[in-house]
Amino acid sequence: MGESGSTRAQVWAHARHVAWQMLECPRERGLTRRCIDALLIVLVIGNALAVVFGSDDDIHARYAPVFDWFEWASLAVFSLELGVRIWACVESPDRRGQSAWRQRLEFLTTPLVLIDILALVPALLHHLWGLDLRFVRLLRLLRMLKLARYSPALHALGAAFYAERRSFLGAGLIVAVLILLAASLLHLVEAEANPAGFGTLARSLWWAVVTLTTTGYGDVVPVTPLGRVLGGLCTILGLCLLALPAGIMANGFAEEIKRRDFVVNVKLVGQVPIFRGIDALHLAEIATMLRPRSVAPRALVVRAGDPSDCMYFVLQGELQVMIPAPVLLGPGSFFGEMGLLTKAPRSASVRAMVDSQLLVLDEQDFDRLMRLHPEVLAEIRRVAAERQTSPPPPRPALEARSQ
Ligand code: CMP
């Protein structure tokens with residue numbers, strides 16, 4: 001009984017892991033995963049088309065059964081998808097170390113899951129309980145946002161917006177102050193001559209908002225000479241001001257793309273101390289074995305007890321080896337070598353402390369590289385042995401500095 005119970009638990013755990021790989025694992029690129037992604041993308045686009053064509057009463061009346069069938073099928077697939085994502089999210093290495101419920105709660109508050117919920121729940125309330133939500137049809141269009149999951153560019157845009165949030169707040173404050181200032185000035189100058197447009201500060205505000213953010217609708221215009229001069233200045237100022245958020249966003253977006261898509265080249269590999277002294281030809285070969293990986297602050301890169309399938313070289317940033325006396329690893333150092341050398345599970349967890357850039361060397365390439373460059377293997381062995389025996393360096397000093 002006990003044995004069959006534990007077998008069943010193992011089967012469930014395995015199924016959950018497979019489900020996570022098929023829906024969430026960022027590294028999974030297999031055929032099944034690509035088919036599932038393609039099915040979901042087609043369904044999302046189909047939903048958007050259904051909303052657009054379904055809004056035409058004639059078309060809707062003619063194909064009502066098709067629309068209904070498609071809506072129910074979509075709801076079933078999206079509900080299943082969300083349910084499985086929530087069930088399997090505990091497999092993510094990023095959320096280890098907390099209770100399953102806490103992990104799921106945290107998962108439920110991530111932007112992509114909130115989009116899934118928003119795209120699903122109003123429709124379910126409407127169809128199952130007959131709640132008359134007039135905007136349900138419009139909310140269905142939110143399902144388009146599910147595509148964000150499959151678009152790295154949209155991710156980058158969101159990340160850029162978040163990274164530049166302080167700049168946006170600053171630019172927003174400047175715009176708000178200038179709008180108030182322009183409205184007050186025009187109210188002062190124009191109130192008597194043009195009471196309908198500028199008689200109160202609130203009316204002037206309407207003029208100031210449309211003049212500073214566009215070139216004005218022309219529904220309210222200053223009529224006094226001084227008012228026109230000030231109005232002209234505000235229009236020019238508005239054009240300059242609008243360039244500010246656009247510039248911030250463009251800069252943030254470019255930074256984010258650069259951070260994500262760094263290309264592994266000979267120069268980059270040559271920066272890793274352990275590869276110094278290797279000639280350019282061999283470095284070019286090594287570059288083909290390494291893959292780039294950017295990690296966000298607090299992301300768990302290696303989890304204690306996990307199978308060891310690769311090792312990492314730190315190019316930029318700072319990571320912490322989570323052992324009783326934690327060790328910080330900086331640019332030039334490496335980790336994950338112990339598991340590969342001993343063919344044992346990971347001896348410790350390693351977490352990024354700040355935005356970090358790593359080079360990943362998979363197990364097969366590790367074996368190949370070590371055969372080609374025994375001197376690199378000897379150095380990795382030496383460091384691994386030192387790590388196993390010697391006490392860790394004092395906390396604030398980066399290991400790279402001492403190496
Ligand atoms: P591995 O066991 O594969 O995964 C965890 C990694 O943490 C390990 O390889 C080492 O690279 C690193 N590590 C473990 N202990 C120490 C230590 N005392 N000092 C520095 N790094 C360590």
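Glu106 lies in helix α5 (residues 100–108), where helices are DSSP runs of H or I with at least four residues and strands are DSSP runs of E with at least two, numbered from the N terminus. This is a predicted model, in which local features need pLDDT of at least 70 and side-chain atom pairs count only at pLDDT 80 or more, while totals for chains, interfaces and linings use all residues. Residues are numbered from 1 along each chain as its sequence is written, and side-chain values use heavy atoms, with hydrogens and water left out.

**Domains and distances**

- The domain assignment, which is automatic or taken from a database, gives domain 1 (2–150), domain 2 (165–259) and domain 3 (276–402).
- The centres of domain 1 and domain 2, taken over C-alpha atoms, are separated by 42 Å.
- From Glu106 to Gly199 the C-alpha distance is 51 Å, and the two residues are 93 residues apart in sequence.
- Glu106 counts as partly exposed because its relative accessibility is 33%; buried means under 20% relative accessible area, exposed over 50%, and partly exposed in between, with a 1.4 Å probe and protein chains only.

**Surroundings of the ligand**

- Of the 14 residues around the ligand, Gly336, Glu337, Gly339, Arg346 and Ser347 come nearest, a residue being near if one of its heavy atoms lies within 4 Å.
- The shell around the ligand holds 8 nonpolar, 3 polar and 3 charged residues, where Ala, Val, Leu, Ile, Met, Phe, Trp, Tyr, Cys and Pro count as nonpolar, Asp, Glu, Lys and Arg as charged, and the others, Gly among them, as polar.
- Helix α15 (residues 337–342) gives the most to this shell, with 3 residues.
- Oxygen atoms of the ligand have N or O atoms of the protein within 3.5 Å, the cut-off for a polar contact: a backbone N or O atom of Gly339 lies 2.8 Å from a ligand oxygen, and a polar backbone atom of Met338 is 3.4 Å from a ligand oxygen.
- A polar side-chain atom of Arg387 lies 3.2 Å from an oxygen atom of the ligand.
- The protein covers 94% of the 460 Å² of accessible area that the ligand has on its own, with areas from the Shrake-Rupley method and a 1.4 Å probe.

**Salt bridges**

- The count comes to 20 salt bridges, each defined as a side-chain nitrogen of Lys or Arg within 4 Å of a carboxyl oxygen of Asp or Glu.
- Glu24 forms a salt bridge with Arg85, with the closest N and O atoms 2.8 Å apart; Glu24 lies in the loop between α1 (2–23) and α2 (31–54) and Arg85 in helix α4 (residues 64–88), so the pair ties together parts that are 61 residues apart in sequence.
- Within this pair, Glu24 is partly exposed at 23% relative accessibility, whereas Arg85 is buried, with a relative accessible area of 2%.
- Asp309 and Arg346 meet through their side chains in a salt bridge of 4.0 Å, N to O, and this pair links distant parts of the chain, 37 residues apart, with Asp309 in the loop between β2 (300–302) and β3 (310–316) and Arg346 in the loop between α15 and β7 (349–352).
- Asp309 is partly exposed, with a relative accessible area of 34%, whereas Arg346 counts as buried at 8% relative accessibility.
- The side chains of Arg368 and Asp365 meet in a salt bridge (3.6 Å, N to O), and both residues lie in helix α16 (residues 363–372), 3 residues apart, about one turn of the helix.

Notes. A polar contact is a pair of N or O atoms within 3.5 Å; within protein, one must be able to donate a hydrogen and the other to accept it, and residues adjacent in sequence count only if both atoms are side-chain atoms.
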